[in-house]
Amino acid sequence: MLCKVPAMNGGEGIVGRCGLLLTCAFVILVLAGLGGSAADAAISSRPDSTYVTNGPVYSVARSADTIYLGGHFDQVGPRTGPWVSISASSGRVDVTLPQVSGGGAVVSAVAADGSGGFYIGGDFTHVGGVARNDAAHVRGDGIVDPAWNPNPNGQVLALALSGSTVYLGGKLTAVNGSVERIGAAAVDATTGVATGWNPDVTGGYVEALAVSGPTVYIGGSFNVVNGKFRFFAAAVDAATGAATGWDPDLNEKVAGPGGVHSLTVAGSTVYLGGEFSTVNKSLTARNNLAAVDAASATVTGWNPNANGPVDVITMSGSAIYVGGSFTKIGATARNNAASVDASGVVAAWNPNPNGRVRALQLSGATVYLGGDFHGTNSVAGSSAARNHLAAVDGSSGLATPWDPNANNAVDALAVSGTTVVAGGVFSSLAGQTRNNAAALSAADGSLTAWDPNVAGLGSPIVYALAVSGSTVYLGGSFFGANSINGLFTRDGVAAVDATSAAATIWNPDVKGDVFALAASGGIIYIGGEFSTVNGLSTVRSNVAAADATTGSVTSWDPNVNGRVQALAASSSTVYIGGSFTTVNQFKSPQPRNHAAAVDATAGEAMSWNPNVSGAVGALAVSGSTVYLGGVFNGANAVNGTQTRNYAAAVDASTGAVTPWNANLNSPIISGGTVYSLALSGQTVYLGGSFKGPTALNGSLERSGLAEVDATTGSGTTWNPLPSRGGGFGREAGTIRALAADGAGGVVVGGEFEAFDSDVAQGIASFSVPPVSVVSPAVSGAPVVGQTLACSQGGWGGTTPQSYVYQWLRGEGAITGASGSSYTVSGADAGQQLACRVTAGNLGGQQSATSASLGVPAPSITSPGTLVKAFPTLAPVLSRLRLTPSRFRAATSGASIAAKHKLKGPKPGTVISYTDSVAATTTFTVAHKVAGVRSGHRCRALRGKAPKHSSRCTLVVAVGRSFRRIDRIGRNSFRFTGRVGRRLAPGTYTIEAVARNAGGRSRAVTAQFQIRP
C-alpha cells in the first residue's frame, strides 16, 4: 500500500504520478477560526490514541467532531504497534501489552522467557514509553523490565535464550552503549550486561541463531566470523564465540545476495533455509534448503529443492515445516509453505498461502503462520480473508476460524501456553476495510461508519479533501465505474455526505488527477494535472472551479501551463501553487514561477508574484501573509533575490518576502521538501521530508514535522520525530498533510509507522488537553432537601470534550453523587459542598473544582438567645422488605428459624428499609382475624356467629410495637419474630411509620409467614 514519490527538482516541477501533494482542507479551517490564547497552547510530542491505517495518508480535514482522511490504504483499525499478544483460542488481542514505537517500528524476533514474559528484538526506540533501543524484555506481568537494557546500536533480527544468557543477532556493532560486538552479542538474561562472547561477524549481518549444547549456530548474510571465512553459516563456541571448524560453505544464488534466513538443530543435523544454491565449496547443489551434519558440516542427502527463498524452518517429530517465497518443493507444487519429512518427501499438508511466509510456529495440532499473505482465499479452507496471520490444521493445512487480522507483514511468532505473540511491521489488528478514505471520531479516535469506498480502475488514491457544511469533497486519482460507494462513476473528484458518505450529484468529471481542493463562497476550486472537465467537453488546464451544489463548471479559467499542487481561497483571491511557469497562457500570458494569485471571479492573473525558484506544494493564508512550502531552496529562491529553504512567507498583496524564515535543510539525497502547512494562532506547522540534526533554523533536529512561530520562524520545543521503516532499515517519516483543529492542535497524515515515543501509522492527532479558563460554579440553596446544580465551567483546548461530575463533601467524594445536580442530605449539615468537573479529550484530562458552599448545621437554642431554625423535613419511608419472608416457629428460645432450616448463629430474618431523613420508626405486627358485621362496624367473632350475621375480616395488632432510631438512607436489623410473645403460625403484616420534628411518614407495609 505504498506510493513512492520520485526525486523532485525545483525548476522542472515534479515527475511521477504521486507528485508533490497537498490537501487544502486545512486552509478552510484555519481561515474560519484563528486567534485566541487557546490556539497557542502547548501540545505533547506524543500522539493521541487514535485508529491507524495500513498505508500512507495524503490528505486530512477536520470538522467539529470528525477527522476525515484520504490516501492509499485499505484498512483502518485500533493501533497496537508491531508486536501483540493474542489468545490462541479466540484470536483476541491483549491491548495492555506495552507498545513498541520509534525507529522503524519493527519487531523482528520474539523469544519466550519461560515465565510468561518475552524478549523482543527489532528496530525501535521505545517500549511502552520506556527508552529501549532495538531490544527489550517484557515481563509476565506486562511491565517493561527496568533492569534488562542491552542497548544494541542496530536492528536485532534474531534472539535465542539459553539458560541465563540471551544471544542477539542482527545489524549491530555495539551493545551496552560502548561494548563492541559486531553482528552478534550475548548478554545476561537478568541484567542485560554483555558477556565475553564475541563471534565478531563481519561482511553482513546475522538473521538466525540456534543454541545446541556448547555450540551456537549462526546464519545470515556474512562472510567472516572471528577472522575466518564463513559464508552464510557458522558455528561458534557458546562461551567464547570462537569459530569452530564447522563450515557448510554456502554459495549465493546468481540473482541475489544470498544468505541463511533460518536454521534449526535436530539431533546430529542442522537444517538450513535461505537463498543459496550450493553447499560444501560449491560441490553439492542445494537450492534454498539443505541439511548438514552438526559436527562436520558435511551435507546430507536431504534435498527438498525449493524454487524460491526459505525464511523459516521448524520441526515437529519427523515433520519439517518450511515457509518462504516459493511455488515448488522439488516437483510438487507448494505455495510459500510446505512440510517435508527427514528423507525429503513432501507431505500432503498444504495451507497454500497466497504470499510469503516469514514466520511459522507449531502448537499441538495447530500451525501458526505469519507473513505477507492477505485477502480473500489467502489460506486454504478460508473463503474469508486471512491477513498476514493464520492458524491452520497441522495435518490438512486447512485454515481454522482463528483470525487476528493484522494490517501488515508478520515477521516473528512465538507460542507460550495459550498465548501467541506476533511481531512484524504491522501497526494494527482487528481492523475494518476502508478503501482510500475514512473518518475517525474526534472524541475518541475510533473509526466511524463513514465509508465512501473510493475504488474504481487502476490504483485509486485520494490526494485532497475539503469539508464544506454537510459535504465532504474528495480529489485524487480515481476513475471508472463503481469508483464511489461501489456504485457510482466519478472521475478525479467526488462529493459525499459528511455523515452517511452517500455520493451526491456533484460531478465535475475531471479527466486527470486532482491534487488540491479549496472551498469558498459556494464554489469548489480544483487543482491538479488535467486538460478537460465535464468529461471531454470543457477545456481547463490544471485548474477549474465548480458550483459547490450542482457541480456545474464555471467560466473561471486561469489556464495554468503546469501541474497545480496547492490552492488557497481568501476573499476575492485564489492563490495557486505548483510546477508551472505561466498563467492565462491562452489569453494574455503572464509569467508566474510556481506561485500565482488570480481573481476569484474572472480568473485573471493579479500582480502578486513571489517568483519562486522551485515547485510550490503547500499554501496557507493568514491575514496579510501567505505561507509557501515546496522544493525551492538556496539563493534567489523567492523574489529572485532572497534565500529561503523549502518554506517562506510573503506579503499577501505584493508577494514581497517577509523576514519569516524557518530555514529548513535536509541531508536527504533527493533534497528536502515541504508538502503541507497548517496555521493555528501564532503557530505554523510544517510537514514534509526534511530531516537531520540541523533541519530547522539551521540548528534544531527535526524529522519531517516541525512547529514554528508564525512571526519569527523560530522552532518550538515540539518534536514528535515521525519515522518509517520495516525490513532492514529506518527512515524519517514523510508528512503529506496537516489540518489544524482551531485550538492549537493538529492532525497529521503521511508515510510513517511510528513516532519516537508512541506508535501511529499513516494518521496521527496531537490535541491540546483541556484547560480550565472559568471554574465550575454551584447554584441553589444549600439546605437539606434542596437540589444544587453544577455548571460545566469554561474550557480551552481541543474539542470535542467530555465532562464528568463529582460532588464533594469537604475534601472527600460523595459516593454515587456523579451528576450535574445533587440533593442536599442530612449528612451534609454543617459541611462544605463543592463540585469537581473533569474535562477530557484525545489529548488528556484536567479537573477544576467550584467554590464551596456551607450547609448550615442544625440550630441550637440557649436561654435568652433566639436562633432562626431551618424547617425539618418530614421523613419518607420506602422499600420495606423482610428477607426471608417465610419462617418456621422456634420450639424454644428467643429466635426463629429461616426458610425451615436453621443456618448460622443468628437465625431469623432481616428487616430493611430506606428513610429519607433522621427519624424514629415504629413497627407494628398485625394479622387478619374473622369477624362479624354489626351495623357499619366489624367486630371480632367470639364463639358462634349469630344467625344471618354478615361475616367480615379484621386486621388486629399482635403484641407490642417496637421502635428503631434511623439513619439517613438504607437501614436494616435482625427480626426474631417475637413481639412480647412467640407468634403462632400464620400470615402477618408488619407496618412501619417514621416520625421526627417535621412530622410523620406515610405507613409502609410488608407481609411474612410463620409456618408450623
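Visitor: Which residue forms a salt bridge with Asp451, and how far apart are the closest N and O atoms?

Guide: Keep in mind that we're looking at a predicted model. The general idea first: side chains of opposite charge can pair when their charged atoms come close. Here the partner of Asp451 is Arg434, and the closest N and O atoms are 3.9 Å apart. Asp451 sits in the loop between β41 (437-441) and β42 (461-468), while Arg434 sits in the loop between β40 (432-433) and β41, so the pair ties together parts that are 17 residues apart in sequence.

Visitor: Are Asp451 and Arg434 buried or exposed?

Guide: Asp451 is partly exposed, at 28% relative accessibility. Arg434 is buried, with a relative accessible area of 6%, which is under the 20% cut-off for that label.

Visitor: How many salt bridges turn up in a search of the whole structure?

Guide: The search finds 16. One to look at is Arg358 with Asp372, whose side chains meet at 3.0 Å, N to O. That pair links distant parts of the chain, 14 residues apart: Arg358 belongs to strand β35 (residues 357-363), and Asp372 to the loop between β36 (366-371) and β37 (389-393). Arg358 is partly exposed at 29% relative accessible area, and Asp372 is partly exposed at 23%.

Visitor: And what does Lys587 form a salt bridge with?

Guide: With Glu604, where the closest N and O atoms are 3.8 Å apart. Lys587 is in the loop between β52 (582-583) and β53 (590-591), and Glu604 is in the loop between β54 (595-599) and β55 (616-622), so this pair ties together parts 17 residues apart in sequence. Lys587 counts as exposed at 51% relative accessibility, whereas Glu604 is partly exposed at 34%. Salt bridges can share partners too: Arg46, Arg79 and Asp758 are joined that way into one network.

Visitor: On to the strands. In what order do β7, β39 and β38 sit in their sheet?

Guide: As background, strands of a sheet pair through backbone hydrogen bonds, either parallel or antiparallel. This open sheet has three strands in the order β7-β39-β38, with antiparallel pairing. Its edge strands, β7 (83-87) and β38 (410-416), each pair on one side only. Direction ignored, neighbouring strands here are turned by 20° against each other on average. If you zoom in, five bridges join β7 to β39 (residues 419-424), and Ile86 stands opposite Val420 in β39.

Visitor: Which way do the residues of strand β65 point?

Guide: In a regular strand the side chains alternate between the two faces of the sheet. In β65 (residues 763-766), Ile763 and Ser765 point one way, Ala764 and Phe766 the other way, and all of them are buried. Strand β64 (residues 746-751) runs antiparallel to β65, and four bridges join the two. Val747 has Ser765 as its bridge partner in β65.

Visitor: Let's zoom out. How many helices and strands are there in the protein?

Guide: One helix and 87 strands. The radius of gyration is 38 Å, well over the 31 Å that the globule rule gives for 1012 residues, so the protein is more spread out than a compact globule. Along the principal axes, the C-alpha atoms fill a box of roughly 120 × 85 × 60 Å. One of the buried residues is Ala678, at 0% relative accessibility, in strand β58 (residues 674-680).

Key
Residues are numbered from 1 along each chain as its sequence is written. This is a predicted model: local features need pLDDT of at least 70, side-chain atom pairs count only at pLDDT 80 or more; totals for chains, interfaces and linings use all residues. Side-chain values use heavy atoms; hydrogens and water are left out. A salt bridge is a side-chain nitrogen of Lys or Arg within 4 Å of a carboxyl oxygen of Asp or Glu. Buried means under 20% relative accessible area, exposed over 50%, partly exposed in between (1.4 Å probe, protein chains only). Two strands pair if DSSP finds at least two bridges between them. Axes are lines fitted to C-alpha atoms, for helices over the stretch in contact, and angles run from 0 to 180 degrees between N-to-C directions. The radius of gyration is taken over C-alpha atoms; the globule rule is 2.2 Å times the number of residues to the power 0.38.
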